[in-house]
Number of protein chains: 2
Amino acid sequence: MARAATTADAFNAVAEPRRREILDVLAGGERPVNDLVRLLGMAQPQVSKHLRVLREVGAVDVREQGRQRLYRLNGHALKPIHDWVKNYERTWSERFEALDVVLEDLKQKEEGNGSE
Amino acid sequence: MARAATTADAFNAVAEPRRREILDVLAGGERPVNDLVRLLGMAQPQVSKHLRVLREVGAVDVREQGRQRLYRLNGHALKPIHDWVKNYERTWSERFEALDVVLEDLKQKEEGNGSE
DNA sequence: TTGACATATTCCGATACAGGTATATGTTCT
DNA sequence: AGAACATATACCTGTATCGGAATATGTCAA
């Protein structure tokens, strides 16, 4: 078995920095392909290919308008990533560390009550 | 050029589901390799290999103890992922959508003041 | 219809992965 | 020293990628 396909899920699709850049631009609103080509300075075929991957994982939607294709962000596809990574926020956030202290404290008291 | 190395950054390292599983276990505390092998039901060499990748991107630290190597989570390496994805939270969170409405409203009023 | 424009697809070559299996390295115990 | 244990590394194979270049598909305009 080789590495999972880039289209396997959002995690794999978004591992490519260029695709994140594309999403970052689309976060500002719907865009035709050529806008992305100009704004990101990448070749048109590569943009189309990256967009295909993003479409396959549901991170973007397309709409046809004349000879243009307008791409729009669909952030829903990124929710699983957020859901997973947010559980690690405590490892660097002071706010969560403080919360951990409180919870640990409560736990101590509970144990005290239970045993005495 | 081929796909970026799995060790290129946390995004690539974490695109592999097995490696996320490993981190999820380590979130519960320090563990020797064999614990991971048993808990995740994967072959020992694969676990070692995944741990190497996670080490190279700084997502885990190792500590030697006798013949064991205790691996510990280092969530800091995941912060860039969180920082990136959290900006998309508005696309699925009702709370953020409500905030967007408020901000849009403020913007309208400002424009009104400016032009009259 | 011909041409200009917008986008997608195809073919290429190089690269690196992931799992499997075998083996190497290092440590503890007797 | 030798055996048992814990972990890491090496080698193999199939596969999917990425960028580049060329080309195909589709739409509008004169």
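**Exercise 1. State how many nonpolar, polar and charged residues form the surface near DNA strand C in this predicted model.**

Solution. 
- Sort the surface near DNA strand C by class: ten residues are nonpolar, eight polar and eight charged.
- Now pick out the residues that come nearest. Of the 26 around DNA strand C, these are A:Pro32, A:Asn34, A:Pro45, B:Ala2 and B:Gly66.
- Helix 4 of chain A gives the most, with six residues.

**Exercise 2. Describe the side of chain B that touches chain A.**

Solution. 
- Count the contacts: 24 residues of chain B meet 24 residues of chain A.
- Locate them. Helix 1 (10–13) and helix 5 (79–85) of chain B each supply at least two residues of this side.
- Helix 5 of chain B has the largest share, five residues.
- Classify this side of chain B: twelve nonpolar, six polar and six charged residues.

**Exercise 3. Work out which strands of the chain B sheet stand at its edges, and why one side of each lacks a neighbour.**

Solution. 
- Write down the strand order. The open sheet of three strands in chain B reads 1-3-2, with antiparallel pairing.
- Strand 1 (31–32) and strand 2 (60–65) of chain B are at the edges. Each has a single partner strand, so one side of each has no neighbour in the sheet.
- Check one pairing. Two bridges join strand 1 of chain B to strand 3 (residues 68–73) of chain B. B:Pro32 has B:Leu70 as its bridge partner in strand 3 of chain B.
- Helix 2 (residues 17–26) of chain B lies across strand 1, strand 2 and strand 3 of chain B, at about 90° to strand 3.

Methods: Residues numbered from 1 in each chain as written. Chains lettered and ligands numbered in written order. Predicted model: local features only at pLDDT ≥ 70, side-chain atom pairs only at ≥ 80, totals over all residues. Near = placed C-beta within 6 Å. Helix = DSSP H or I, 4+ residues; strand = E, 2+ residues; numbered from the N terminus. Nonpolar A, V, L, I, M, F, W, Y, C, P; charged D, E, K, R; others polar. Contact = placed C-beta atoms within 7 Å. Pairing = 2+ DSSP bridges. Axes fitted to C-alpha atoms, helices over the stretch in contact; angles between N-to-C directions.
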